[in-house]
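Have a look at the model first.

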Amino acid sequence: DAVGTGSISGTVNGADGAALGGVTITTSPITETVTTNAQGQFSLSDVPVGAYRIDASLEGTGSASSFIGVAGGATTTVVITLGSDEVTNPATITGQVVDAAGDAVEGALVSIEGQTPVATSGADGTFTLSGVSPGHVYLRAAAPSEAYLDAELHSSLFIADGQNKTDVTIVLPGRPSAAATWVGGDSCTSCHAVTGMHPDIVDGVAASIHSRFVTEGTDHLVYPELWPEPEPELEDKYLPLAPNGTLLMVQDPLDGEGKVNLVLCTRDDEAGERQYLFKFYPQQVDEISLPADDLDCSGFDDTPQNAVWIPVAGTIGGEGNWGEGYLDPEHKVDDTHPNFGEGKQRYLARVQDVPYLKNLMEENGIPWGEEEGRKQDYVAYLPVYLVQDATPKDSPFLTGEYDVGGPKFWQKGPEHWCPPTNTISRNCAGCHTTGLQIEYTDVVEGEETHKGVVTAYDYIDLNITCERCHGPGSEHASSGDVTEIINPRLLTARSSRETCGQCHASHAGKSQTPAGIFKYAFDETHLDGLGNGVFVPGVYDLEDFYANYNLPTPGNKWSEGTFHSWPDGTHGRAHSQQLPEMLRSAHAENPYEKLTCASCHNPHSLKGAPAQMTRDDIEFGTTSYKDNTMCLVCHAQHGPFADVSLSDVAAIQVDAERDVTVGGEEPVYDDITLANAHGKVAKAVAVHMQVGAWMGGALYTPKNEDSPVGRCTTCHMA
């Protein structure tokens, strides 16, 4: 019953305070365009919940913007003052453009977002921007050649009237040339492990899930105890059920037509290794289901006419993040970083183990992985997968006879799990391998045409390793030159976000070219270029790789857009699409800071926050969302937290025994200072909750890790 819309009410005044009529009001994201009445008033109704920029303009008077949020069932009030667009006391900005190694870059075009002044950097990299309008400004530098990528300042500069702002530095990221190739993550860690850079990604349970999401074999199987014991206890079996409680019927792996019964089984091979198997029974007349008593795990050596046995050949996801990961399913070792990495685990099958696929590929001359130079291809998911539900098994919220909590088996695409278009290479490899190279064709089967069936499949690394975000690294690995590799931190905010967005911007999306085929960012026009058709951050724009990029689709149709959203077009209904939500938030576009994914996340580690966050002369080590330090690094001294200083945030960081330096020195605080810092934050949060949000007597207890009350992330989706 939640209300999905609110309203905006506002007034526009001139610089002298007098109301202005006839002012044009627009919003971003776009809603309705209106004009103010004679009293300078305007209103917008039925505005979807979310963050907006309100733009007001009147010819001959000027323009202005305001950033606001709209809450469900509420009215947001805003007052906007228009001044003249004519600069009466212009400012000047001088600085230097350098490359990633710190050397001067000549010929870079430097500009100001939303303003007209431009300048070209000289031989020493210096530039001067004249006629700058005062206020918060963002600087951008366009690369002078393909040796560099574009860059911008993610933090705005505040420029006062007539100010001469000096010592501004813009760093252009390096990039691989078009001739660069993939070399693999081992080539990176051989040097970076020695230097101690990103140690979690090389060793330790906190290593990012990026590097270990897909695993060949069953070593990373979670909750193996849910599987039945092997023969001779034939009565020990697992019969998956459909949501209505009947036996699950799935697509026949023998010919791809009709539906058959399914049993989950195990067996121990001659070496004593446990195999996990899906047993598919022969199709019955009229596709009727066999009785449960007739289904068991016997007859492993039977011919396919009696049963098709398909072993689990790999796993995707689900390892969790506790102490020793998949080795500690009972959580006997304390959780390392709760709330990261758990969810579902899907099971892979080798394509040659599915008779229907094997025959189809042989008939069409398509290799599946055993030929020289070909990687093993897999069916992207078998028709049953594991869900690590957070609902306890005995929870009163469970309803119905077949609703169970805790880890459980569930169904995944039971009617279409094994067509030739459901392979890792076609649907998943774009986001779960590094150095992908594919070839593909359409395959005709009777009256059906299977689009984009992969005929050649190769990669450098299974899973996401360094080059997926930093670009093909052969030149950098050979020379060590930092100008020959991409540093996402130095990219424009858009390109930095798209580094993550290549996989975290879409659930409903499909490739741009060929249109609607691959379920990942892909553009065949670059097959012979850098990335071999796969997106490379900063080099390409993501909108060229996804069809209808960033457009919402409540119906989950790729032809409408990539963003599977609720009807408000703002909030996502599925995983893997954090970027479109962020682009609709005030964090993306505001006068102060253009946040990127890496502003709040460490892509190299499960530790959560970045290894370093800097504000003024204070450098924060890994912060935490639990005591709000992650958010307060930016939000202290602003809005509801205007009375909280950065020194207070540093004190809380010290009290939590996390790294922080002030002016390059480690600060020391006495107990009274620490208590006062916690008190100021607690007061600000309490006022925000109880007065601003009408939450009554909610108590903020920052040192109680079991209580989420008062955490910014409890109420706010960043």
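## A helix and its neighbours

The buried residues of α10 pack against β31 (613-615), β32 (618-620), α9 (629-635), β33 (660-662) and α11 (671-692), with contact meaning heavy atoms within 4.5 Å. Helices (H or I, at least four residues) and strands (E, at least two) are DSSP runs, numbered from the N terminus. This is a predicted model, where local features need pLDDT of at least 70, side-chain atom pairs count only at pLDDT 80 or more, and totals for chains, interfaces and linings use all residues. Residues are numbered from 1 along each chain as its sequence is written, and side-chain values use heavy atoms, leaving out hydrogens and water.

Helix α10 (residues 646-655) is largely enclosed by the rest of the structure, because seven of its 10 residues are buried (under 20% relative accessible area, 1.4 Å probe, protein chains only). Those seven are L646, D648, V649, A650, A651, I652 and Q653. After α10 comes E657, with a positive phi near 60°.

The largest nonpolar core has 57 residues, and W227, F278, F280, Y347, L382 and W417 have the most contacts inside it. Apart from it lies another core of 22 residues, including A651 and I652. A nonpolar core here is a set of buried Ala, Val, Leu, Ile, Met, Phe, Trp, Tyr and Cys residues joined through side-chain atoms within 4.5 Å.

## A buried aspartate

D523 sits in the loop between α7 (493-504) and α8 (578-583). Leaving aside neighbours within four places in sequence, D523 is in contact with T513, G533, D544 and F545.

Conventions: Buried means under 20% relative accessible area, exposed over 50%, partly exposed in between (1.4 Å probe, protein chains only).
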